[in-house]
Amino acid sequence: MKLRVVNQQLKRLAPADFISGVLKRRIFAPGACSLILLAAGVASAATAKVDFSSEVRPILAGHCFKCHGPDEVARKAKLRLDIREEALKPAKSGEVAIFPGKMDKSELVARVSSTNEDDIMPPPAMKKPLTPEEKNVLKRWIAQGAEYKPHWAFVAPKQSQLPKVHDKSWPKSPVDHFVLARLEKEGLKPSAPADKYTLVRRVYLDLIGLPPTPMQADAFVKDASPKAYEQLVDGLLDSPHYGERWARRWLDLARYADTNGYEKDRERSIWPWRDWVINALNRDLPFNQFTVEQLAGDLLPGATQDQIIATGLHRNTMLNEEGGIDPLEYRFYAMVDRVHVTSTAWLGLTMACAQCHTHKYDPIQHTEYYRFMACLNNADEPRMDVVNPQIGEKRKELLTRIAALESELPNKFPMESGVTWQIPGAVEFESKNGSEARFLDDGSVRISGTGPETDVYTIKFTPAAQHLTHLQLEALPDDGVVNGGPGRSGSGNFVLSEVKLEVVDAGSERAVRKARFSKAQADFSQDGFKVESAIDGKTNTGWGIAGSPGSSKHRHAIFTLAEPLELKETSTVVVRLIQTYGSHHTLGRFRLSLGHQLADPAFTEQHRHELRDQKCVEWLEKQLPSADNWTQLRPATATATSPTLTVQEDNSIFAGGDFTKNDTYTLKFRNLPAGLKAVRLEMMPDERLPNNGPGSVSYEGPEGDFWLSTFKVKADARSITLTNASESFANGGNNAAKAIDDDLQSGWSVNGGQGKTHNAVFQFTEGVTSTNELQLDLICEKYHAAGLGRFRIWVSTDDHAKASALSNEALAILAGHKDAVWLRGLFTNTNSAADQRAVLLNEFVRLSPAFSGSRREIENLRGQLPKFPTTLVMQERPAGHERTTFRHNRGDFLQPKEAVTAGVPSFLPPLPENAPKNRLALAQWLVSGANPLTGRVLMNRHWEALFGRGLVRTTEDFGFQGELPSHPELLDWLAVEFVKQGWSQKKMLKLLVMSATYQQSSVVTPELLERDPLNILLTRGPRLRLEAEMVRDSALLASGLLSEKLGGPSVYPPQPSGVTSEGTYGALNWATSTGPDRYRRGLYTFAKRTAPYAMTATFDGPSGEACLARRDRSNTPLQALSLLNDTVFMECARALGQAATGTGGGDEARVEFIFRRCLTRPPSAEEQTRLLRFYQTQLARFASGELKASEILDAGTGDRLNEQAAWTTLARILLNLDETVTKS
Amino acid sequence: MSCHDHLYACSTPRLNSRRWFLKECGLGLGKVALASMLTDAFSSKLLATPASASEALKPRAPHFPGKAKHVIHLFMAGAPSQLDLFDYKPELAKLQGKPLPPSVIAGQRYAFIRSDAAVLGPQFKFGRHGKSGAEISEALPHLAGVVDDICMIKSMKTEQFNHAPGQIFLNTGFAQPGRPSLGSWALYGLGSESQDLPAYVVMSTGGGVSGGSANWSSGFMPSLYAGVRFRNQGDPILDVTSPKGVDPKLQRASLDLIEEMNHARLGIVGDPEIESRIASYEMAYRLQSSAPDLMDLKKESKETLDMYGCDPDKPSFARACLLARRMIERGVRFVNIYHEGWDAHSDVVGNLKSNCAATDKASAALVKDLKQRGLLDETLVIWGGEFGRTPMVESNVALGRSLGRDHHPAAFTMWMAGGGIKAGLTHGATDEMGFHVVQDEVQIYDLQATILHCLGFDHERLTYTYQGRQFRLTDVHGKVVKAILA
């Protein structure tokens, strides 16, 4: 047949053909298709009327507008050809380019005809010469009067009368009139209707993305009612799978993914937005609301949580977390991306071209691009908890328990164990293999670096005299240790092989007393590494802490001495930590404390309180020296280089907006007390901050932390020297002193203490006697943005003011009575000052080591609080803190020029007059109905989804360079109808699939193939390879494996090992889902930008790195390999094989069972015979042992394994057929 | 006269040759039409129909006969230190410990260090080698042995100073993901000559690549122009091995039945796309046997294995280089080997020692091996990172870093060999601090233009229309570096 001949010629031309594909994404010169396709019908004689839109403008746009178009900067010779009035004016030279009707007076004719290199247009250097035909068109056009027509897409669509058709019986919907009229004009006839099996399969795949089951198909095929098809369509539009299918297309445009992209490519949580899209489509949220909620849901009055989730659309931009980047630079790129997505998805405009200069072809000014950006550019970008009742209930329950425990805490002074603890602080540290230690203020020891493979630490103390009964070892996480410790192995783990304790009594004779341990307890032990192993006398066993949820946790072990040891004043306690496991499983940071068993365990509650109060007073006395008088200040001004600072009611300062890697906060204070000697910086948690603050770090570094590099004080513009800095808490050695050490790289950080209040105090070298203005400069500089989040400033006139962890209230009480006698009185005379006592007791409970055990229990419980899922959203900036948008010269982030106001391109209708020009205004403008583009663009994309090709083939470009519509009146009719139908996408889809055009058979004859190879005229139904997700979803459905669960976090179906780890910087260990999550629909597969799911990528799925308006539909051997050999499809084949074995009837019925699961239609007799023969051949091979059922089935279950295996091989064939992966 | 010859012969090939091509090569309008990339490649906008699948990778003639038919790009991801490997600056040793003059460092952006960081002198000795007397560090003893076959460009400059954007920029001419990579442009322009293997292969050794798949993406071009990953674990090509229990006989029988049924379907519905699918299954089958054959390095002589330093059983850079040579022999167009790990923010000496140990011998062996097999003339080998490293030391106690170097976009070194590049040449120079290029600056766009030139393309004319705009690899920039052409 003819077709074969053609293909043979192709082969002869180029036999070395590796991969082939249909190039769906490419774009062609405007008008090209209609010119070529319709050439048969169009006369090319010199007399024929030239059509401006289809013939002239493409030539002018392609060859002339670059220098003589909208871009004023690039314009040459003051000649503009895209507007008629301009083109008819004399140019710089005085010549007139276009003189309507007069070729000889038109300079354009002379210049395009010239053979002189200096005169000819376009200039040879452009490398875009005109063809003789093109020159001819221009000449004829001028001769005919040089008429211009406005660009079709920029004029509001009108619904024209339905065209008259001869065959009145064919049309089933208005759509058909347009299509048929055109076919009749071309002398063509539509194809016959598709058979019912083909049709039911087609409409299932189109509307819900899944094929019908044989039963569903039969129900339709056997239903002879004239309403059968419509009922089928209605049912499908009501199916929850409808939302899944159509959401996927929107996700392509929205560049949705589950990771941040670029180098680190870390996971993000934005699937609630994806679910919002699915739900919105399922409830047929009208497209105008669909638009408004996604672009500006947060700006709607009384915005619901759902409407705010919807704003995640533009949070799908990528985030570069590389250490060396400028965050604002990548924020700018995200804004560029937002403009791009908005203009592509709604307007079908290539606005991106105007980022660097005025659009060369379309009337979009460079400035207008940035005005459009300004509409979108006034939002902050927080992460939001998605509150849901189930989790809310569970949280409430736990929080009630925690509150109860907390209120009980003061009564839990630890008497049950009867042990009091002392942290003597090490005086000497020795390492067998050369590790070096630092002693920290909290009595702990830090050993940095990976160090030796094994080690023995010897730690010596000189504790106060006491009765020694217990030894406690706390392993502490620390950023100064390899990967955060507490162990140095890299995973945070360590193995304590043995612990030894001895007491050396100094004196005339040095006596050594060795302790024997009788008991060991730990808050957590790794499987196989029980804490008892550390006292079993064997060094090949030991205590380890690896396990869920990771090793980087505070852990502690308590070792009980078999017999108490009495310590004298002169005693030295020596502890040996033997760590012989190897691979650096040694401790990085730890603390030892000595326990003292109280004599009488039978304390009464009264005793308990007495003892508690006594210890409380002792503890408070120790706090007295750092209980200074502080005066809270309210800033007169608070500004920052980039973030926006707002002074809160409680005088604290909240930082929001954009953070950079080097931010300076400048605070000014007036009305100050005289004699200032210190400033206190109180860092405060805030639920608006990442991880509740107090810092603003949201990525790259530890969330909720900050990095205060430098703290500077000026009094009346004179710099004050700071001598001493202290803090209530610091992350390792990154303490407050590092903020006054003149080294910008070092700084104060509180990582590990997120969600809590911390203080730093900076002392002045000399008191400042009298000051009008105090200025503080706080510099936060780090390789990632690390600004302060919320904080407050206090000053003191006390000498030697020091930081304290005490609450402000407690500090004020203690500072008011810096007196131990008063303090004791307060607790012995319980008849007065109960409030003060309660405050102070609360601090004792909150901070003292005595309660650490009970507090840990509460902390553990708090750790079990179920978290709400989070999602990324937009939040309009507060008034007074609007972000300014600039025009960027050449689109360069580093070249901001003048500020611009929000607006839209002037060739389109303006934004509403009386509303603020923000995201809401822009969203409403897009769907106002007056916008000529939105409706057309949407309807065109839906057309493309069903027919494989848009009425405008360039779905993403409706500008001058885009292709002209093949059926302009039809597109306009649909665009207007869409608005009339209340922007209902379901109604419009129904209208399309109800058409006779859609229901045609897709069988193509050689004649049709020659006449209309790309089916532009719609001479037949669509026949297209399924999209990536649908290929897999169909196989899962056919095999009965598909999980129908809707929504939720993304899942990890099987894929070959190493896809997301090997060769990927931000490697992800693909923990393959088990159970139903293994078989969810493709749109739930975890989407990693730098390493997309392999099967999806092979079948032209997107990476989520850029907006995708149209997917390719390639056809490659890698796809064949995936279908033939991949685990996913083998599992489907096995499930199908097993199901077939279990069905009744004979082998013929089983062939039919598998066949119809894959192809829907029943097999022909010939097909059945052929398939059965294959089955029998394979069955014989299994029976003979030549093939092994156990291998094919991967240890299958049930009986009749050989049959199962043979049916599996047959199912594999059917899953691989062209027809199976095709909508026809 | 073959189709390709005719294309060359035409002085203005745009139109005439197209017509001739369409007529003489048996492809008429309206039939399964000619691949549209021709239209784009030659900047014509005559017609174009989204061609049938089988067209996209047909071998095609470039604008003019290029010397290079293949490219092997050894991408030293993470950015090696040019100052310790290629660009010897004794002045830095003198300045060691002092900051650079403000005039030198003004206006630069850095990733981690401050601009007033102290200078760090060269960390290795340098020597002159070969007839060309090229200066190379002792850290690259094997490369020193082939200096007369390579061309060093010491005047490279980029716009990006972070890894992912830097790598993506070098590969695609744009710093954010979404544009076609060099390999995709090569396939788009030249098509494929390999029967049984993907035309554009990507391998990686060392750590992961910062820019991820965007580095070998086809961007807005059809996805079949994207690079195909060859993996170090499991199947080299995903799913190239038949499932457990499927023996060759069953696989063949299965494919036969699939083809038979697809043919039957073609007869009924007439869609030529089915023909493409039949072909793709046949090619998949061939791939199943050609891939193991390609990977079977035991067929190589001991001398060859030793020359590369390759253990056939272990994934390594050496193994990837040897595989690359075998791929070139089998007609593969473009090979990327990423070796990530050069990001020496700390301990630049230790970093270079380990990375040079992993790559030096094999890189040099690849040049030697291609040469002795007569393949170097038609294969362009490119070696280098995404940017260079600072003359200043990186040290940061808070980050635990010392004796490292930061990212440096203003000047770095790459080398190329074969494929139309002049051998034994050192091109360009930097100032005495190695900070700025002072002679023959080569921008990334220039490098890209030169690579396309070697393949036979005028980089200004190799365009692809997307979203109403004709895109080029080199955007609106790029000059062919004629001085380094053979």
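Glu944(A) touches Arg249(A), Arg949(A), Gly950(A), Thr955(A) and Arg1110(A), leaving out residues up to four places away in sequence. Contact here means heavy atoms within 4.5 Å. This is a predicted model: local features need pLDDT of at least 70, side-chain atom pairs count only at pLDDT 80 or more, and totals for chains, interfaces and linings use all residues. Residues are numbered from 1 along each chain as its sequence is written, chains are lettered from A and ligands numbered from 1 in the order in which they are written, and side-chain values use heavy atoms, without hydrogens and water.

Glu944(A) sits in helix α25 (residues 934-947) of chain A. Helices (H or I, at least four residues) and strands (E, at least two) are DSSP runs, numbered from the N terminus. Glu944(A) has 6% relative accessibility, so it counts as buried. Buried means under 20% relative accessible area, exposed over 50%, and partly exposed in between, with a 1.4 Å probe and protein chains only.

Thr1141(A) belongs to helix α32 (residues 1127-1142) of chain A. Thr1141(A) is buried too, because its relative accessibility is 4%. Apart from neighbours within four places in sequence, Thr1141(A) is in contact with Arg1150(A), Arg1200(A), Glu1203(A), Gln1204(A) and Trp1207(A). Ala194(A) lies 947 residues from Thr1141(A) along the chain, and their C-alpha atoms are separated by 33 Å.

Glu913(A) lies in the loop between β33 (896-900) and α24 (919-926) of chain A. Glu913(A) is exposed, with a relative accessible area of 64%. From Glu913(A) to Arg111(A) the C-alpha distance is 46 Å, and the two are 802 residues apart in sequence.

## A helix pair in chain A

Helix α16 (residues 327-347) and helix α17 (residues 366-376) of chain A pack at an angle of about 100°, with their axes 10 Å apart. That makes α16(A) roughly perpendicular to α17(A). Axes are lines fitted to C-alpha atoms, for helices over the stretch in contact, and angles run from 0 to 180 degrees between N-to-C directions. Angles under 35 degrees count as roughly parallel, over 145 as roughly antiparallel, 65 to 115 as roughly perpendicular, and the rest as oblique.

On the α16(A) side, the contact includes Phe332(A), Met335(A) and Val336(A). On the α17(A) side, it includes Tyr369(A), Tyr370(A) and Phe372(A). The contact residues divide into 10 nonpolar, one polar and one charged. Ala, Val, Leu, Ile, Met, Phe, Trp, Tyr, Cys and Pro count as nonpolar, Asp, Glu, Lys and Arg as charged, and the others, Gly among them, as polar.

## Two open sheets in chain A

One open sheet of five strands in chain A has the order β5-β8-β16-β11-β12, with antiparallel pairing. Its edge strands are β5 (428-431) and β12 (511-514), and each pairs on one side only. The twist averages 20° from one strand to the next. Two strands pair if DSSP finds at least two bridges between them.

Another open sheet of five strands in chain A runs β19-β22-β28-β24-β25, also with antiparallel pairing. β19 (637-640) and β25 (718-720) stand at the edges with a single partner strand each, so one side of each is left without a neighbour in the sheet. Neighbouring strands of this sheet are turned by 20° against each other on average, direction ignored.

## Chain B

Chain B has 15 helices and 17 strands. Of its 486 residues, 67% count as buried. Among its contacts between residues at least 6 apart in sequence, 74% join residues at least 24 apart.

Strand β8 (residues 379-384) of chain B is mostly covered: six of its six residues are buried. Thr379(B), Val381(B) and Trp383(B) point one way from β8(B), while Leu380(B), Ile382(B) and Gly384(B) point the other way. β8(B) pairs with strands β1 (residues 70-75) and β11 (residues 412-417) of chain B.

## Strand pairs

| Strands | Sense | Bridges | Bridge partners |
|---|---|---|---|
| β1(B) and β8(B) | parallel | six | Leu74(B) and Trp383(B) |
| β8(B) and β11(B) | antiparallel | three | Ile382(B) and Met416(B) |
| β8(A) and β16(A) | antiparallel | seven | Lys460(A) and Val574(A) |
| β24(A) and β28(A) | antiparallel | six | Phe711(A) and Leu778(A) |
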